[in-house]
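User: I am new to this structure and would like to learn how to read it. Please take one feature at a time.

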Amino acid sequence: MFWIKLKLFFQKHWIVITIVLITLISIVLPLWYLSGMEENTRRYIMGINIASMPWGILQTLIFVGFLYLLHYGGSFSSFKKAKIKSEEVNVKFTDVVGLTEAKREAWEVVQLIKDRQRVKAIGGKILKGVLLVGPPGCGKTMLAKAVAAEAGVPFLSTAGSEFVEVFVGVGASRVRKLFKQASQYAQAHGSCIVFIDELEVIGRQRILYDAFGGGSETNSTQNQLLVEMDGLSDTQANVVVFGATNAAEDILDPALLRPGRFDRKIYVGKPNLGEREKLFEYYMNKIKYGGDIDIPRLARKAVYKSPAEIENIVKEAALIAARNGKDAVAYKEMVDAIERIELGVAHKLVMTAHEKEMTAYHEAGHLVIVYLTHPTNDVFKVSILNRGGTLGVVHSIPRERPDFKTATMLAHEMVWRLGMGKDGMVGDFESIPGKNRSDELNRVLNWETRDILKEQLTEVENTLRTEWQVVERFVKEILDREELDYDEIAAIFTEYGKPPKLIP
């Protein structure tokens, strides 16, 4: 182990060592030689050499520079890769908030790296590749760093875009250099983790028949990556490759996903309700905030938000509080931050009294219908202030279930795919090519879709007529205040015997 580390040290610092030795030799030998000469001769020789020294240094630098470019390919084959020592990675598993299932799977990888000798002893396979799949901002890079820190091994980080170059063969050369360095670190420290972000850039399905040759460079880069991952088993070094991608898994080439390569997959998804509460607690502890902040309610408002988006909400709330001259963040600033990020900055438009009243009736109707009839959404905001180009908005919270964006799409799905029409036809009719569906079948399905929309329209109209007193009350409140928050909305409904539904 000592000789391997010594060899690695010389490989990394051989240029500095060579320069120091040459400098010492070039100083000691001339001094020894000049010491035996006469005084006048010695002064003459030293004067000539000192006068010609700058030009000699410049020539040497030019020669060495061109030699380096010729031998190593210069900037064409070099690329940015950050080597981080395990003790310098200040990310532990305790710092990765949420991601309960992903952390559990990642901890298994840590144990495999630590127990690599035992795994080899019983004839097991050393882990080669781990694929981190999930939306952006959910903590894939942080999770890979945490694995390196917990396992106590070096961490080499790069991105898929760093391998892409216009010159042919450069990407493959960079892959070879990366894995050569990773193997050296692994031999010196027992193991090494290589993290490749944006893996889809070089890992997408290869183009085998390309008339214009546009995909040949990407193909060669990916082929070199496959070769290097296959070659890891031929050495004693344990190099584990972590790849992260935001793209769908089927975009990647099947050769990357076969056993022996990226055969371990960890899905890093968006946090659930409990994990969002922990994320808000974690990021709120980094700022000053007041006691009126209800973290569970904020977590419910932040449905489908990633950890990065939650961090952004907290930071935006701190900025709003600072602009308002406050010393701490209150609940109002948190709500304003969510609205500013999702809806844009509020603008007051000059409207006539009639236009303002019509907008208020429009939004009040939305509010009453969503509150009373929607099975999964809770209204937490209504406004007639201009945000993002809209005159008004009813902002509702989806409660952990996916929702169709429009009634038409929902009705279409119910009839065409779920068999929920009145005629009893069951089947996924969208899976049948249009040329194989008869005109009569299309007509029946379209009429069924229209019937559902008509029924729901009638139900909405009946609900509004029945609850028109509530609508009028909300119109008055909206016109007076311009914006109502969830507590104010729930309090008005409670006055009319309609308390809010509990969010599970």
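**Reading the model**

Analyst: Cys 138 counts as buried, at 0% relative accessibility. Buried means under 20% relative accessible area, exposed over 50%, and partly exposed in between, with a 1.4 Å probe and protein chains only. Cys 192 is also buried, with 0% relative accessibility. This is a predicted model, in which local features need pLDDT of at least 70 and side-chain atom pairs count only at pLDDT 80 or more, while totals for chains, interfaces and linings use all residues. Residues are numbered from 1 along each chain as its sequence is written, and side-chain values use heavy atoms, with hydrogens and water left out.

User: How many disulfides does the structure hold?

Analyst: A disulfide is a pair of cysteine sulfur atoms within 2.5 Å. The structure holds zero.

User: What share of the residues in the protein is buried?

Analyst: Of the 504 residues, 40% are buried. The protein has 19 helices and nine strands. Helices (H or I, at least four residues) and strands (E, at least two) are DSSP runs, numbered from the N terminus.

User: Where is Gln 222, and is Gln 222 buried or exposed?

Analyst: Gln 222 lies in helix H9, residues 216–231. Its relative accessible area is 0%, so Gln 222 is buried. A contact means heavy atoms within 4.5 Å. Leaving aside neighbours within four places in sequence, Gln 222 has contacts that include Ile 202, Arg 204 and Asp 253.

User: How are two packed helices described?

Analyst: The description uses the angle between their axes and the distance between the axes. Axes are lines fitted to C-alpha atoms, for helices over the stretch in contact, and angles run from 0 to 180 degrees between N-to-C directions. Here, the axes of helix H18 (residues 468–481) and helix H19 (residues 486–495) come within 11 Å and cross at roughly 150°. In H18, Val 470, Arg 473, Phe 474, Glu 477 and Arg 481 meet Glu 488, Ile 489, Ile 492, Phe 493 and Glu 495 in H19.

User: What phi does Glu 198 have?

Analyst: Most residues other than glycine have a negative phi. Glu 198 is not a glycine, yet has a positive phi of about 55°. Glu 198 sits in the loop between strand E4 (192–197) and helix H8 (200–203). With a relative accessible area of 31%, Glu 198 is partly exposed.
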